[in-house]
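Q: I have a model open and want to learn how to read its packing. Where do we start?

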Amino acid sequence: MTSPVLLLFDIDGTLLIRASEAHRDAIYDGLREVFGLADPGAVAVESAGRTDSAIARGILARSGGDGAFDDRAERFRAVCVAAYERRCPASLAVHVAPGMPELLAGLGYARASLVTGNYEPIARLKLSRAGIGHHFADGQGGFGSDAEDRALLPEIARRRAGREGRPHPREQTIVIGDTPRDIACARADGLRVYAVATGPYPAAALAGADAVFADAWGLRERLDSDLAA
């Protein structure tokens with residue numbers, strides 16, 4: 001029996017748009033509390049497509065602060081998660097990407113899962129508050145709490161989605177994201193990747209994907225055409 005297609009969605013810039021303020025501030029809270037950085041927000045580090053740990057390590061490396069991230073990584077993660085629980089708005093529904101609820105609701109022909117740099121508890125709460133968390137089963141996906149290197153996350157997600165001890169097949173898996181790092185992590189695992197230009201990068205910067213769409217509506221049309229038959 002052929003496995004259904006596994007769709008591995010990124011969150012920020014893909015499922016949700018401009019919903020990362022509380023998440024960013026939770027990371028800053030962790031850097032202040034765990035590493036003693038007075039003003040982590042003053043350190044410019046590109047965050048799009050990176051894992052939470054990679055963002056924190058990058059800020060530490062450029063701040064002149066205590067760089068012993070590995071020794072305190074577990075505590076940092078716990079502080080970030082607790083801070084996000086305090087900071088997350090009661091509703092993030094207005095941040096769901098246009099067309100994405102309809103796309104997710106119509107995926108009877110595929111399995112929806114996640115590949116995101118967010119720590120898993122942050123990812124789950126973010127999607128729950130956005131009203132779309134029910135589309136993504138517990139125990140599935142690949143998260144920034146699984147590995148700091150985003151390139152490792154698709155394989156983790158495929159392994160969790162597998163059957164009889166075998167990872168979900170590469171040929172039946174598609175990563176969906178909005179950054180060049182989403183594309184790179186898919187390629188690192190030998191996967192197809194569709195990109196949406198709803199995040200910080202224009203379509204031209206996403207040309208390494210198998211297909212690029214302006215929004216979720218275009219993506220939905222392609223998925224329906226390719227997979228629903």
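A: With handedness. A crossing is right-handed if the near helix is turned clockwise from the far one by less than a right angle, and left-handed if anticlockwise. Here, α1 passes α2 in a right-handed crossing. Keep in mind that this is a predicted model.

Q: How else is a helix pair described, and what is the angle between α1 and α2?

A: Two packed helices are described by the angle between their axes and the distance between the axes. For α1 and α2, the angle is about 55 degrees and the axes are 11 Å apart. That makes α1 oblique to α2.

Q: Which residues in α1 and α2 meet?

A: From α1, take His23, Ile27, Tyr28, Leu31 and Phe35. They meet Asp52, Ala56, Ile59 and Leu60 in α2. Now look at the spacing. An α-helix has 3.6 residues a turn, so residues three or four places apart point the same way.

Q: Next pair. At what angle do the axes of α1 and α3 cross?

A: At roughly 135 degrees, and the axes come within 8 Å. That makes α1 oblique to α3. The crossing of α1 past α3 is right-handed.

Q: Which residues of α1 and α3 meet?

A: On the α1 side, they include Ala22, Ala26, Gly30, Leu31, Val34 and Phe35. On the α3 side, they include Phe69, Arg72, Phe76, Val79, Cys80 and Ala83.

Q: And how do α2 and α3 cross?

A: Helix α2 covers residues 52-63. Its axis and that of α3 come within 12 Å and cross at roughly 130 degrees. The two helices are therefore oblique to each other. α2 passes α3 in a right-handed crossing. Ser53, Ala56, Arg57 and Leu60 in α2 meet Phe69, Asp70 and Phe76 in α3.

Q: Now the aromatics. How many aromatic pairs does the structure hold?

A: It holds 6 aromatic pairs. To sort such pairs, look at the planes: under 30 degrees apart counts as stacked, over 60 as edge-to-face, and the rest as tilted. Take Phe35 and Phe69. Their ring centres are 5.8 Å apart and their planes are at 20 degrees, so the pair is stacked.

Q: Which helices hold Phe35 and Phe69?

A: Phe35 lies in α1 (residues 21-35) and Phe69 in α3 (residues 69-87), so the pair ties together parts that are 34 residues apart in sequence. Phe35 and Phe69 are both buried.

Q: Is the pair of Phe35 and Phe76 stacked or tilted?

A: The ring centres of Phe35 and Phe76 are 6.0 Å apart and the planes are at 50 degrees, so this pair is tilted. Phe35 is in α1 and Phe76 in α3, so the parts tied together are 41 residues apart in sequence. Phe35 has a relative accessible area of 6% and is buried. Phe76 is buried too, at 0%.

Q: Which residues do ring pairs link into a cluster?

A: Phe35, Phe69, Phe76 and Tyr119. Arg77 lies over the face of Tyr119, at 5.9 Å from the ring centre.

Q: How do I read a buried helix side? Which residues of α5 are buried?

A: List the buried residues, then ask what they touch. In α5 (residues 120-130), Ile122, Ala123, Arg124, Leu125, Lys126, Leu127 and Ala130 are buried. The buried residues of α5 pack against α1, α2, α3 and β2. Just after α5, Gly131 takes a positive phi of about 85 degrees.

Q: Now single residues. Is Arg158 buried or exposed?

A: Buried means under 20% relative accessible area. At 4%, Arg158 counts as buried. Arg158 sits in α6 (residues 153-161). Leaving aside neighbours within four places in sequence, its contacts include Leu6, Pro167, His168, Asp189 and Leu191.

Q: Where does Ala97 lie?

A: In the loop between α3 and α4. Ala97 is buried, with a relative accessible area of 2%. Not counting residues up to four places away in sequence, Ala97 touches Thr14, Leu15, Leu16 and Ile17.

Q: And Pro202, buried or exposed?

A: Exposed, with a relative accessible area of 52%. Pro202 is found in the loop between β4 and β5.

Conventions:
Residues numbered from 1 in each chain as written. Predicted model: local features only at pLDDT ≥ 70, side-chain atom pairs only at ≥ 80, totals over all residues. Heavy atoms only, no water. Phe/Tyr/Trp six-rings, centres within 6.5 Å; stacked < 30°, edge-to-face > 60°. Helix = DSSP H or I, 4+ residues; strand = E, 2+ residues; numbered from the N terminus. Buried < 20%, exposed > 50% of the residue type's maximum accessible area, 1.4 Å probe, protein only. Lys NZ or Arg CZ within 6 Å of the ring centre and 35° of its normal. Axes fitted to C-alpha atoms, helices over the stretch in contact; angles between N-to-C directions. Parallel < 35°, antiparallel > 145°, perpendicular 65-115°, else oblique. Contact = heavy atoms within 4.5 Å.
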